[in-house]
Amino acid sequence: MPEQTTVGQQADGQQTDGQQSSGPSTDPSALSSALGTLAAAPRLLVALDFDGTLAPFADDPAQVGALPGSWAAVLTLQRARDTEVVLVSGRPLEGLERVSHAPEEMALVGSHGVEWRVDGHAEAALTADEQARVARVGAALDAVGERFPGVVVEHKPAGHGVHTRRVGADVAAEANAAASRAAHEADPDVLERGGKDIVEFAVRHVTKGDAIERLRELRGADAVFFAGDDVTDEDAFRVLRDGDVGVKVGEGDSVAGHRVADPAALTDVLKQLARLRATR
């Protein structure tokens with residue numbers, strides 16, 4: 001039986017600001033109902049995180065790939081009338097292009113909203129001052145990485161990520177604390193945000209939520225579907241509106257309206273949305 005909308009929730013279960021939530025719905029029938037309503041929108045924006053959402057995680061980030069069923073559904077959605085798919089990732093734009101193999105006409109947003117490829121053209125990412133700040137923070141984090149074998153510092157155009165997937169919890173906590181101190185000493189205004197086995201430090205204060213808002217306006221979307229798995233995806237879930245659908249992939253607290261277990265479970269959701277959108 002579909003969930004009833006309660007005070008503080010939107011029709012698809014998305015929590016509004018300042019309200020308490022019992023968490024996303026795991027009821028498949030509620031999600032199916034929300035997708036049926038969403039698919040009827042005149043113009044639909046389908047925004048998707050990549051790692052942990054379309055693609056399962058891997059120890060080597062360069063070796064990941066979208067699940068074939070999910071990617072087939074994504075391409076079907078991209079071809080549907082009045083529908084646009086956008087990948088919104090924390091990866092640098094160049095890296096997202098490489099691992100996703102997205103067609104040139106598909107819009108991509110990298111570095112949590114700093115880098116954009118829209119209509120086949122990439123936007124300039126950073127000013128000269130921002131580039132200098134990135135370099136200072138990167139040098140400080142490299143020094144931290146040398147102290148912790150197994151901790152990997154990933155350099156991105158708009159900041160850096162400290163990966164701790166290959167070390168134990170105690171080492172990860174110590175490395176993250178050291179990285180935080182070093183980054184803020186190098187640049188007091190640096191933006192710090194945590195994720196799954198990663199802490200990121202960026203010089204521009206933009207989020208995936210900012211990206212979703214801008215994409216909605218650019219494309220004149222009447223409704224938005226967004227799926228993501230990480231802490232940074234919560235910024236996107238928070239800006240969803242009545243009639244939008246947000247799907248949290250995997251475990252963890254979330255303000256999303258719905259939850260599926262893993263990327264494989266999301267494949268079925270994307271296939272359903274693609275069928276509905278193609279035959280409306």
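Student: Is strand β2 (residues 83–88) enclosed or open, and why?
Tutor: Largely enclosed by the rest of the structure, because 6 of its 6 residues are buried. Buried means under 20% relative accessible area, with a 1.4 Å probe and protein chains only. Strands are DSSP runs of E, at least two residues, and helices are runs of H or I, at least four, numbered from the N terminus.

Student: What model is this?
Tutor: A predicted one: local features need pLDDT of at least 70, side-chain atom pairs count only at pLDDT 80 or more, and totals for chains, interfaces and linings use all residues. Residues are numbered from 1 along each chain as its sequence is written, and side-chain values use heavy atoms, leaving out hydrogens and water.

Student: Which β2 residues point which way?
Tutor: T83, V85 and L87 go one way. E84, V86 and V88 go the other, and all are buried. In a regular strand, side chains alternate between the two faces of the sheet.

Student: How many bridges join β1 to β2?
Tutor: 5, and the strands run parallel. β1 covers residues 44–48. Pairing takes at least two DSSP bridges. L44 has T83 as its bridge partner.

Student: And β3?
Tutor: β3 (residues 107–110) pairs with β2 in the parallel sense over 3 bridges. V86 stands opposite A107. The chain crosses from β2 through helix α3 (residues 93–100) to β3, a right-handed β-α-β crossover. Right-handed means that, with the strands pointing away from the viewer, the path from the first strand over the helix to the second runs clockwise.

Student: New topic. Which residues of α8 are buried?
Tutor: P263, L266, T267, V269, L270, L273, A274 and R277.

Notes:
Buried < 20%, exposed > 50% of the residue type's maximum accessible area, 1.4 Å probe, protein only.
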